[in-house]
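Please look at the sequence and the model before reading on.

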Amino acid sequence: MTEAPVPPFPPGLMVSAPASGTGKTTVMLGLLRALAEDGFGVQPFKSGPDYIDPAFHRAACGRASFNLDSWAMDEGLLSAIAARAHGADLCVAEGAMGLFDGVATRGRTGFGASAEIARKMGWPVILVLDVGGQAQSAAATALGFARYDPDVQIAGVILNRVASPRHERLTRLGMARAGLPVLGALPRRGDLALPERHLGLVQAVEHADLETAIAGYAAFLRAHVDLAAIRAVACGTGPKGAGALPTPPAQRIALAQDAAFSFAYPHLVQGWRAAGAEILPFSPLADEAPDPSADLVWLPGGYPELHAGRLAAATRFLDGVRQHARTRPVHGECGGYMAMGQALVDKDGHRHAMAGLLGLVTSYECRKFHLGYRRAVLDGPMPGHRSGAALKGHEFHYSTILEQPDAPLASVTDADGNPVPETGSRRGHATGTFFHLIAGEAG
C-alpha cells in the first residue's frame, strides 16, 4: 500500500527585535489575530524557554504554540515540534530577547539564539524596532542586524513607538538608504502594554479582558502595517528530517493546572498525549485532589508564592498528594517543587505549610534572581528518567531555599558547566527540581 505524501511545510517568518522591551509581543499577538481573522491557519512558535507567551499565542489564533530551543533540543526534537505546523497556512515564530542573544557555550544544536531557529527553519525575520529617541539612526541598528549573519534574512522592519508623521518620514528615509523595507509604522500608545509581574507577563488565564486586548492589537496592526507584504515575505524549508516528541513518564498523569501551576512546556504535554498517555487535569487552588487512579502526579511551575494561603488551606489537594506519594510518584517543577516542600514563606514573611512530601522550605520574602539553562545528571531516578540520565532544562524564579534536608536529585550545572546549588530533592516517591525540564539528552 502506498503511503500518502507528506504535505509541504507551510511558509513562515520570525518576529524578533534587537532587545527585549521593544514591543514584539504586542506585534506578535496582533499579527496572529489579524491573520486568523483573515481566514489563515496560523501555527505559532516561541523561540527559547518561555512558558508564558505560548498561552497568549493560543488565545490570539486558536492554535497551540510550541517552544523551539537550540540549546536544549536536538535536531530530532526540533523537527518533531516544528512538524506540528503541518496543516497550517503559515508559521509565525516569536523570538526571545534580542535576535542574536544566546549563551556562551554551545548546547544540543546551538547557543539558544532566536537567529539559530530562524536559520534552521529558513524563516525570514521581521525586526521590530523601538525608534523612540532616534530617527535615521535606527537604520544603522537595523543594517547591523541585516549584515551580522548573512545566513539570517532580515525581510523588513516594523517601526514601533513612532512619535509623529515627521518622525516616521525621517526614519523611513534612513531605512530606504539602508535598503530595508518598512512593513509598518506603529504610533506611540501607552495603553498597548500587557500587564507584568516578577516572572514577566501576567498569565493569559489571569488577564482581566484578554480577548478585548488582543482584538485591539489586531485592529492597531491592521491600521499601521502591510499585512499582505508580511505574508508575502514568509518562506522556509521547515524541519530537516523526522523526530519524536518526548515519551510520557506514566500512562495516567494527574497534571495540576490553574493560576498557581500552569508552566508546563506544550511539547511535553503534547508528546505525552500523542503517545497515548491520559492527562487528568486538576486544580489545587480549587482544592481538588489528583485523580486517585493516576500513576503519577505532576505539579508544574507557576506562582504558588502568590497563592500560598489558599494552597495551605486546600486540605483535599494536600491530603490527596500525600496519599498518592505513599505508593506512587509525585514530581514538581519550580513552583510545584515549592508546594511539595514543608513550608513556603510569602513576600510578607508569613510562613505557610505546604504538602510536606519534601523537607524543602522556600522564601519569596528573601528574594534572589535565578535565571538560566540547566544541565542535570540525575543522582536518582525521577518519573520518566533513570538514575544517571542527563537532562536539559531552564530555571527562572526569585525564591530562596531556606532548608533542603533531603537527598539531592541531581548534579546541576549552568549552560557553561558551572555548578548550581539548586540540586532538586528526592524522598521516597517524591522528586522535585527548580528547573523546568525541556528534554533529556537522549531525545
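Reader: Which residues is Met-175 in contact with, leaving aside its neighbours within four places in sequence?

Author: This is a predicted model, where local features need pLDDT of at least 70, side-chain atom pairs count only at pLDDT 80 or more, and totals for chains, interfaces and linings use all residues. Residues are numbered from 1 along each chain as its sequence is written, and side-chain values use heavy atoms, with hydrogens and water left out. Contact means heavy atoms within 4.5 Å. With sequence neighbours within four places set aside, the contacts of Met-175 are Leu-129, Ala-138, Ala-139, Ala-142, Val-157, Leu-159, Leu-180 and Val-182.

Reader: Which members of the largest nonpolar core touch the most other members?

Author: A nonpolar core is a set of buried Ala, Val, Leu, Ile, Met, Phe, Trp, Tyr and Cys residues joined through side-chain atoms within 4.5 Å. Buried means under 20% relative accessible area, exposed over 50%, and partly exposed in between, with a 1.4 Å probe and protein chains only. The largest core has 103 residues, and those touching the most other members are Leu-31, Phe-45, Val-92, Trp-123, Leu-159 and Met-175.

Reader: How many residues does the second, separate core have?

Author: Among its members are Ala-260, Leu-311, Leu-344 and Met-354. The size of this second core is 32 residues.

Reader: In what order do the seven strands of the open sheet stand?

Author: Helices (H or I, at least four residues) and strands (E, at least two) are DSSP runs, numbered from the N terminus. Two strands pair if DSSP finds at least two bridges between them. The pairing in this sheet is parallel, and the order is β3-β2-β4-β1-β5-β6-β7.

Reader: Why is one side of β3 and of β7 left without a neighbour in the sheet?

Author: β3 (66-68) and β7 stand at the edges of the sheet. One side of each is left without a neighbour there because each has a single partner strand.

Reader: What angle does the direction of α4 make with that of β1?

Author: Helix α4 (residues 114-121) packs on the sheet and touches β1, β2 (42-47), β3 and β5 (125-130). Axes are lines fitted to C-alpha atoms, for helices over the stretch in contact, and angles run from 0 to 180 degrees between N-to-C directions. The angle between α4 and β1 is about 170°.

Reader: Is β7 mostly covered or uncovered, and how many of its residues are buried?

Author: β7 runs parallel to β6, joined by five bridges, and Pro-187 in β7 is the bridge partner of Val-162. The strand is mostly covered, and its buried residues number five of six.

Reader: How far apart are the end C-alpha atoms of helix α7?

Author: The expected span is 1.5 Å times one less than the number of residues. Helix α7 (residues 210-224) has 15 residues and so should span 21 Å. The distance between its end C-alpha atoms agrees, at 21 Å.

Reader: Which elements do the buried residues of α7 pack against?

Author: The buried residues are Leu-210, Ala-213, Ile-214, Tyr-217, Ala-218, Phe-220 and Leu-221. They cover an arc (taken from the directions from the helix axis to the C-beta atoms) of only 160°, which puts them on the same side of α7. Their packing partners are α1 (24-37), α2 (53-61) and β7 (182-187).

Reader: What is the relative accessible area of Trp-272?

Author: Trp-272 lies in helix α9 (residues 266-274). Its contacts beyond four places in sequence include Pro-246, Ile-253 and Trp-298. Trp-272 is buried, with a relative accessible area of 4%.
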